[in-house]
Amino acid sequence: MKLIVRIFALSLVVTGAVASAHIANASQPMAGAKVSALPIPSCPPDGSTSCGIGSQNSSN
Amino acid sequence: MSSYSVVDLLTLIELTTCVVALVVMFYRRQIGQFKPLALFLLVRISSIAICFPLMSMGGKQISSVLAYKIYFYVYWGSYALEAILGFWIIYVIYNLAMAPLKGLQRLGMLMFRWAAGIAVAIAVTMAFGPHVTYSKFIMRAVTQLQQTQSVLTLCMLLFVCLAIRPMGLSYRSKIFGVSLGLGVAAATDLVMAAWITHFRTIYSLSSIISGSAICLTLVIWTGYFAVPEPRRRMIILPTTSPFLRWNQISLALGDEPGFVALGEITPDMFAPAEVEVMRRASMKMNYPVAN
């Protein structure tokens, strides 16, 4: 059990290291998002678009 | 089942798990020890409580443009707050893990404060750039801050993993549990930022992946807070241990210093009483008292 927990923790660290290396080598800045089920608002708030926020209501 | 329904369901599960984790923390009287984690959960609950109704009300009770505007600011505002609270959680975990070695704890905390301050300054500076709008600036600054916090979290997880035995902790300790949960969220955050970069619509696959990851994080925290942890073992270090030596050095750092006189010293630099004490001491050294 201890070994599984340790391997899991170390795999998280390795995954994070690979991902951060990928971010550092990216040519343009990457857009992040909150680790949450909430949808990501990536459109500007001062525009005329609602970024699809009411789309699920209109499709129902 | 459509992606809308899955996202809504995951949001509700996330909200419920957040509330359960907070209640378990309160019941186990752990809020005082892990105050930033409790605040993190409170911010998360508040942001979902505001954002979730907006998603269903948009286009019905209120205009979808207004709903999106409120949603945008609540989402990114709470994201920034959570990133800052994440730094605080790491700080508390380090503080608790290093509690037996006060000197190293003090030195590490000093270094952490500087690192966190520089990270915040870099995050804000890097968000500036040509043709950057107000909304893009917010998104970039918060993203950069969160990514720095994620990297620091994973470093902390690695440290806790490696130093768990020398610090007298076990894999059932709350310190490890909180680090592990935060590590899941940090790794997911970095993976999302690296590979899932373009979100064409507000409802995307990334919401489902993120939602599942945060639910796993919350389940880990709830589990660790619900189960009583074993007592911390006594730490026995050899006298030659570098841990002990560095701890002693760190403890001495910042103490009031003593002073050493260098160079030529003449008797007129001393007070008459000091000269008298030295004269008597030198007399005793020349003529030791016989038993």
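Which domains does the domain assignment of chain B give? The assignment gives domain 1 (3-226) and domain 2 (242-286). The structure is a predicted model. Chain B holds nine helices and zero strands, while chain A holds two helices and zero strands.

**Overall shape of chain B**

- Read from the N terminus, the elements of chain B follow the order α-α-α-α-α-α-α-α-α.
- Chain B is more spread out than a compact globule, because its radius of gyration is 28 Å, well over the 19 Å that the globule rule gives for 291 residues.
- The C-alpha trace of chain B spans about 105 × 50 × 30 Å along its principal axes.
- Buried residues account for 36% of the 291 residues of chain B; in chain A, 40% of the 60 residues are buried.
- Of the contacts in chain B between residues at least 6 apart in sequence, 74% join residues at least 24 apart.

**Domains of chain B**

- A distance of 53 Å separates the C-alpha centres of domain 1 and domain 2 of chain B.
- Seven residues from domain 1 of chain B and eight residues from domain 2 of chain B take part in the contact.
- On the domain 1 side of this contact, four residues are nonpolar, one is polar and two are charged.

**Contact between chains A and B**

- The contact between the chains involves 61 residues of chain B and 38 residues of chain A.
- On the chain B side, α1, α2, α3, α5, α6 and α7 each supply at least two residues.
- The element that gives the most to the side of chain B that touches chain A is α6(B), with 13 residues.
- By residue class, this side of chain B comprises 36 nonpolar, 20 polar and five charged residues.

**The largest nonpolar core**

- The largest nonpolar core has 76 residues, and those touching the most other members are B:A21, B:Y71, B:I89, B:I93, B:A97, B:V178 and B:L190.
- Both chains are represented: at least two residues of this core come from each of α1 (2-24) of chain A and, in chain B, α1 (3-27), α2 (35-57), α3 (64-97), α5 (134-163), α6 (174-195) and α7 (205-226).
- With 15 residues, α3(B) gives the most to this core.
- B:Y71 is in contact with A:P41, A:I53, B:C51 and B:L54, when its neighbours within four places in sequence are left aside.
- In soluble globular proteins, nonpolar side chains tend to be buried together.

**Helix α2 of chain B**

- The 23 residues of α2(B) reach 33 Å from the first C-alpha to the last, close to the 33 Å expected at 1.5 Å a residue.
- The buried residues in α2(B) are B:L37, B:F40, B:L41, B:R44, B:S47, B:I48, B:C51, B:L54 and B:M55.
- Residues three or four places apart in an α-helix point the same way, because an α-helix has 3.6 residues a turn.
- B:C51 and B:L54, which are among the buried residues of α2(B), are also in contact with B:Y71.
- After α2(B) comes B:G59, which has a positive phi near 85 degrees.

**The loop between α1 and α2 of chain B**

- B:R29 lies in the loop between α1 and α2 of chain B.
- Although B:R29 is not a glycine, its phi is positive, at about 55 degrees.
- B:R29 is exposed, because 8 other C-beta atoms lie within 10 Å.

Notes: Residues are numbered from 1 along each chain as its sequence is written. Chains are lettered from A and ligands numbered from 1 in the order in which they are written. This is a predicted model: local features need pLDDT of at least 70, side-chain atom pairs count only at pLDDT 80 or more; totals for chains, interfaces and linings use all residues. A nonpolar core is a set of buried Ala, Val, Leu, Ile, Met, Phe, Trp, Tyr and Cys residues joined through C-beta atoms within 7 Å. A residue is buried if 20 or more other C-beta atoms lie within 10 Å of its own, exposed if 12 or fewer, and partly exposed in between; C-beta atoms are placed from the backbone. Helices (H or I, at least four residues) and strands (E, at least two) are DSSP runs, numbered from the N terminus. Two residues are in contact if their C-beta atoms, placed from the backbone, lie within 7 Å. Ala, Val, Leu, Ile, Met, Phe, Trp, Tyr, Cys and Pro count as nonpolar, Asp, Glu, Lys and Arg as charged, and the others, Gly among them, as polar. The radius of gyration is taken over C-alpha atoms; the globule rule is 2.2 Å times the number of residues to the power 0.38. Domain bounds come from an automatic or database domain assignment. The expected span of a helix is 1.5 Å times one less than its number of residues.
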